[in-house]
Number of protein chains: 2
Amino acid sequence: MEKAGILRPPDDEIRAAARTLLAGARFGALAVLLQAPTRPFVTRIAVLAPPGGAPIALVSGLSRHTGALAKNPACSLMVGEPGPKGDPLAHPRLSLECRAEFIRRDSPEFPALRGFWLEQVPKARLYADFADFSFVRFRVTAGFLNGGFGLASALSPADLGIEPDAAPA
Amino acid sequence: MEKAGILRPPDDEIRAAARTLLAGARFGALAVLLQAPTRPFVTRIAVLAPPGGAPIALVSGLSRHTGALAKNPACSLMVGEPGPKGDPLAHPRLSLECRAEFIRRDSPEFPALRGFWLEQVPKARLYADFADFSFVRFRVTAGFLNGGFGLASALSPADLGIEPDAAPA
């Protein structure tokens, strides 16, 4: 269970906790929309957040979540994984509301993202250049930090130190 | 990244792997639908699967996901958490498509679920009897096992050893 309660307004401590979770993320839970009927679907993906930037992922066009994002960019990403000890629900996590933006192989941005990703995930060299792979940038519209029992806070992209989504929500 | 590929038809090995993930789950990633616009939202919850039964969670009516589920029962639950070592994306996980069914305090089922939950999560005694808490049963309509790189399989509730959702998808 997640203890619900009064949301605490973001302060420097909360902002720092959320930014630490984002910067330290190596994987996360991605929720996308499936259709007919409209319903959520959650999977695990590798994800990295460049300093000051929105989180990105290297995705295969063959995977179910990629197909869903291509049809509807609305998605949600949770980062902050419990360690092996203690109560997993006491471990802080950050849920983001996002819009997925594809950065395909022919985009001028692609090489820089590829370089950043391969530096962090060297074994991605095995597949990063396959034709069906592209990057997705998760443009963040809102954040929600659950810092463990009794602490929750709604955060803006600015609170997270990243640029907001320019598109209408 | 999640390696996409040909889905392997469920066999006994795959069914056993999926059932082990479900039976061993203590927490998971829950995706629900938020509205206006319709979009997914993913959070972490404590979850337990009684033997042969659909997974359940003890939820507070004050939490965001509970409010979302009360408005729209379509949800998705992922279980199977990576250990502290190795490639997290190589760790198996099970994504479920579900419909949330509330079991409120006045339901005849409530006492048995409460007993099961408190046996597994003794410290839930601190809040299980608060008026705003209820159980949610996640009626499973479909399962998707990602067994790590190169292995994926679509599973039915029967493959998971649990009763299917009786409601139309």
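Me: In which loop of chain B is B:Pro37 found?
Reply: This is a predicted model. B:Pro37 lies in the loop between strand S1 (27-34) and strand S2 (39-46) of chain B.

Me: What kind of peptide bond joins B:Ala36 and B:Pro37, and how is the phi of B:Ala36 to be read?
Reply: In general, most residues other than glycine have a negative phi, and most peptide bonds are trans. Here the bond between B:Ala36 and B:Pro37 is cis, with omega about -5°. B:Ala36, a residue other than glycine, has a positive phi near 55°.

Me: How are chain A and chain B related?
Reply: A rotation of 180° with 0.0 Å of shift along its axis brings chain A onto chain B, at an RMSD of 0.0 Å. The two copies are thus related as by a two-fold rotation axis. Both use the same surface, since 100% of the contact residues of chain A recur in chain B.

Me: How many residues does each chain give to the contact, and which element gives the largest share on the side of chain A?
Reply: Chain A and chain B each contribute 40 residues. On the side of chain A that touches chain B, S2(A) provides the largest share, 8 residues. That side comprises 25 nonpolar, 8 polar and 7 charged residues.

Me: What confidence does the predictor give the complex?
Reply: The ipTM is 0.93 and the pTM is 0.94.

Notes
Residues numbered from 1 in each chain as written. Chains lettered and ligands numbered in written order. Predicted model: local features only at pLDDT ≥ 70, side-chain atom pairs only at ≥ 80, totals over all residues. Least-squares fit on C-alpha atoms with pLDDT ≥ 70 in both. Contact = placed C-beta atoms within 7 Å. Helix = DSSP H or I, 4+ residues; strand = E, 2+ residues; numbered from the N terminus. Nonpolar A, V, L, I, M, F, W, Y, C, P; charged D, E, K, R; others polar.
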